[in-house]
Amino acid sequence: MFLTAVLIPAEEGGFVALNPETGTTSQGETIPEAVSNLREATTLYLEEFPMENAGQPFVTTFEVPVNA
């Protein structure tokens, strides 16, 4: 099953990782560590709350004015 990982630099260093399909989050000092921790957290979540495969996610970005 392919899921989305959104990584955001943490203020204190490292990265926060979020999976929007399940709402699971984790963190790590490096991107690979954050993704690995997110994979583990999401696997545990899906063991308790299974979901059907909804297909491959599509991710895009958008821009807003700086003073919005």
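Ala, Val, Leu, Ile, Met, Phe, Trp, Tyr, Cys and Pro count here as nonpolar, Asp, Glu, Lys and Arg as charged, and the others, Gly among them, as polar. The model is predicted, so local features need pLDDT of at least 70 and side-chain atom pairs count only at pLDDT 80 or more, while totals for chains, interfaces and linings use all residues. Residues are numbered from 1 along each chain as its sequence is written, and side-chain values use heavy atoms, with hydrogens and water left out.

**Exercise 1.** Determine which classes of residue line the largest pocket.

*Solution.* A pocket is, on a 1 Å grid over the protein atoms alone, an open set of points where a 1.4 Å probe fits, with protein on both sides within 12 Å along at least five of seven lines, and its lining residues have an atom within 4 Å of a point. The lining consists of Leu3, Thr4, Ala5, Asn19, Val35, Leu38, Arg39, Thr42, Thr43 and Leu46. Sorted by class, these are 5 nonpolar, 4 polar and 1 charged residues. Helix 1 contributes the most, with 6 residues, a helix being a DSSP run of H or I with at least four residues, numbered from the N terminus.

**Exercise 2.** Decide whether Thr42 is buried or exposed, and find what it touches.

*Solution.* Begin with the location, which is helix 1, residues 31-48. Thr42 has a relative accessible area of 7%, and it is therefore buried (under 20%, where exposed means over 50% and partly exposed lies in between, with a 1.4 Å probe and protein chains only). Apart from neighbours within four places in sequence, Thr42 is in contact (heavy atoms within 4.5 Å) with Leu3, Asn19, Thr22 and Thr24.

Technical notes:
Helix = DSSP H or I, 4+ residues; strand = E, 2+ residues; numbered from the N terminus.
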